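Colleague: I'd like a close look at a single part of this model, strand by strand and helix by helix. Pick one chain, spell out your cut-offs as you go, and keep the rest brief.

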Amino acid sequence: MAEKKSAPQSILIVDDELIVRESLTKWFRQDGYRVESAEDAPHALKLMNEGPWDLALLDIKMPGMSGLDLQKRLKEIDKNTGVIMITAFASVESAVQALKEGAFDYVTKPIDPDHLSHIVANALKHKIIIEENMQLREQVSDIAKATDIVGESQQIHKVIELAKTVAKTDTTVMLRGESGTGKELIARAIHANSERRYFPIIAVNCGAVTESLLESELFGHEKGAFTGAQYRRKGKFELADGGTIFLDEVGNVSQKMQVELLRVIETKQFTRVGGNEVISSDFRVICATNRDLEAAVKDGSFREDLYYRLNVFTISIPPLRERRSDIPLLAEYFRGKHAAIMHKAVTEISANAMDIMVQYDWPGNVRELENVMERAMVLAVPPAIQHTELPFQLASKAHGLQADSLAVVERAQVEMILNRTGWNISRSAEILDIDRVTLYNKITKYGLKRP
Amino acid sequence: MPSILIVPIRPVDHAELTALVAPLSNAFELPVSIEESKYLDPAFAFDSYRNQFNSTSIITALLERFPEHSGKIIGITAVDLFVPVLTYVFGEAQLDGRVAVLSSFRLREELYGLDPNAKLEQIRLLKEAVHELGHTFGLIHCHTPECVMHSSTSAEEVDIKGKNFCEECEQTMRMTPFSTRSFPLK
């Protein structure tokens, strides 16, 4: 896997005795580690905030805050720092307590040097394995998510092709499409197929939070930057280093944030809220919006320069009603998914229910379809989902055409069957029980068009 | 002229010190001599509770005793050494400094219930002397198993490694300024 050239591993020593700090510092420096020491808990917490530290050696008995309490605090700041407790012979009990609370191991004073070097090497190895494991898990879930794009319509094929093409580049991508069409799914697929796939993809919903919160979300903050900022926190741009940042609902950010976004995207540099240190991060931008940005630029609510910076390569994801032939596939996919989750032996969707779903306009798109299927799966009596298990608004819309003339009903029926078969003329004619020529005539008569 | 000074810390086997002169001189390409007159009595560093001698105190004493020496100093003793937080040490050195101290106590086969083996002990002493002096030249522990700078906390580990520097450590050591002068190249 991709690895950056590693800096020396770091060890933080916390002990109230000067001689212990000095001799351990010396010992570990000769081993090539980066070492700092603290004489008490406040100093240790300060150093911890300036971290990260790979390993912390804590004296269990110190005036003020004990090593046990300090361990909890340190884990709050960075849960990945390995902890080794140093105890006197008398306090083995508290060492056991420390182990229960997540310390890697403990040593008793005076420490056997042979034991110490092995324990430290093991703790560091353990930490590397845990970190690698987390990274691998994320990658696996990212890859798994990337395969979840369901559909065989021409429209979705075009979207997948565009995503594949742009994935190999570092170009900024803008995803346009109605709510629920799967913009985040496409963003993840692009990331999973890019050179950056071994680094994280960080998703931020820009529309969901207030301006000040979004600022600290994106750029991070220093300790004390505002009330409640107890510790330093990394921002999303910093976390996305090496990977991709996905800015969802980018059309909804305030004017002030638009300026900040433009700057960070152009320079790839920023400072944390309340900080002075300039941080560089190497990230790729994928953004998404369902807002009419062109109109927003015209009426002045969206900056033109940011618009051009983001609108480099646009992929428009069609709403579900424009690719009705995918509805049966998606419905089947969600049936299978929820059948597995709910352990329910529902193996099919009745033709009646499917017809209603194919005809429905799905204003909430795929997300709505999934919700409808999940609801139906809860209600369904094995082995099949019936139309009565669909929500009321779907069923009523489907039945709404009963009041219309015969021609309207015929047109709707022909169109529905065509959509259901993906405009397979032979199959549609078979289902409608008419011959193909008649079907062609009806298509012409009602002016039906292949989506 | 910079040189390496061996200071006897009594009790110590004089023959062992004498046997170190030539190989140490060879390893560092510097003159090596034994300070016969100003030997050290380590009584001041004795810890009666632990029945061991504090190596950090000995280093301080050696620094005070030879303020003028332009080069490296290594004190060698047969008594058992410790630093306060550890149960024992083979030796201790100032990283990138002037002084190192070394004990033959835990390098002896008798300590582990085996027959005395003077030849083996002499090799171990040489390896550890080169190792501790290496620290004074700024070298840290090396990951190459055969390099003399490989960390060893047991006599077996001393036996596994070689008595020479690996190429990388050799390079690093030659780059280190020696006092005010550069370390002479071959």
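Predicted model: local features only at pLDDT ≥ 70, side-chain atom pairs only at ≥ 80, totals over all residues.

Modeller: Residues are numbered from 1 along each chain as its sequence is written, with chains lettered from A and ligands numbered from 1 in the order in which they are written.

What does β8(B) pair with? Strand β5(B), residues 71-77, runs parallel to β8(B) and is joined to it by five bridges (strands pair if DSSP finds at least two bridges between them). Gly75(B) has Val101(B) as its bridge partner there. Strand β7(B), residues 91-93, is antiparallel to β8(B), with three bridges. Val101(B) turns up here too, standing opposite Glu92(B). The hairpin of β7(B) and β8(B) has five residues between the strands, and Asp96(B) in that hairpin takes a positive phi near 60°.

Chain B also has an open sheet of three strands, in the order β3-β4-β6 and with mixed pairing. Its edges are β3(B) (46-47) and β6(B) (81-82); each has a single partner strand, so one side of each has no neighbour in the sheet. β4(B), residues 52-54, pairs with β6(B) in the parallel sense over two bridges, and Phe53(B) stands opposite Leu81(B) of β6(B). Helix α2(B), residues 55-65, packs on this sheet and touches both β4(B) and β6(B). The direction of α2(B) makes about 50° with that of β4(B) (axes are lines fitted to C-alpha atoms, for helices over the stretch in contact, and angles run from 0 to 180 degrees between N-to-C directions).

On to a pair of helices. Two packed helices are described by the angle between their axes and the distance between the axes. For α1(B) (residues 14-28) and α3(B) (residues 118-136), the axes come within 10 Å and cross at roughly 50°. The two are therefore oblique to each other; under 35 degrees counts as roughly parallel, over 145 as roughly antiparallel, 65 to 115 as roughly perpendicular, and the rest as oblique.

Which residues of α1(B) and α3(B) make the contact? From α1(B) come Glu16(B), Ala19(B), Leu20(B), Pro23(B), Leu24(B), Ala27(B) and Phe28(B), and α3(B) supplies Gln122(B), Leu125(B), Leu126(B), Ala129(B), Val130(B) and Leu133(B). In contact means C-beta atoms, placed from the backbone, within 7 Å. By class that is eleven nonpolar, one polar and one charged, where Ala, Val, Leu, Ile, Met, Phe, Trp, Tyr, Cys and Pro count as nonpolar, Asp, Glu, Lys and Arg as charged, and the others, Gly among them, as polar.

Then there's the contact between the chains: 15 residues from chain B and 16 residues from chain A take part. The chain B side has eight nonpolar and seven polar residues, and no charged ones.

Chain A comes to 19 helices and 16 strands, and buried residues make up 35% of its 451 residues. For a helix pair there, take α17(A) (residues 406-420) and α18(A) (residues 425-432): their axes come within 9 Å and cross at roughly 135°, which makes α17(A) oblique to α18(A). This crossing is right-handed as well. Val414(A), Ile417(A) and Leu418(A) in α17(A) meet Ser428(A), Ile431(A) and Leu432(A) in α18(A), giving five nonpolar, one polar and no charged residues.

Methods: Contact = placed C-beta atoms within 7 Å. Helix = DSSP H or I, 4+ residues; strand = E, 2+ residues; numbered from the N terminus. Left-handed = near helix turned anticlockwise from the far one by under 90°. Buried ≥ 20, exposed ≤ 12 C-beta atoms within 10 Å, placed from the backbone.
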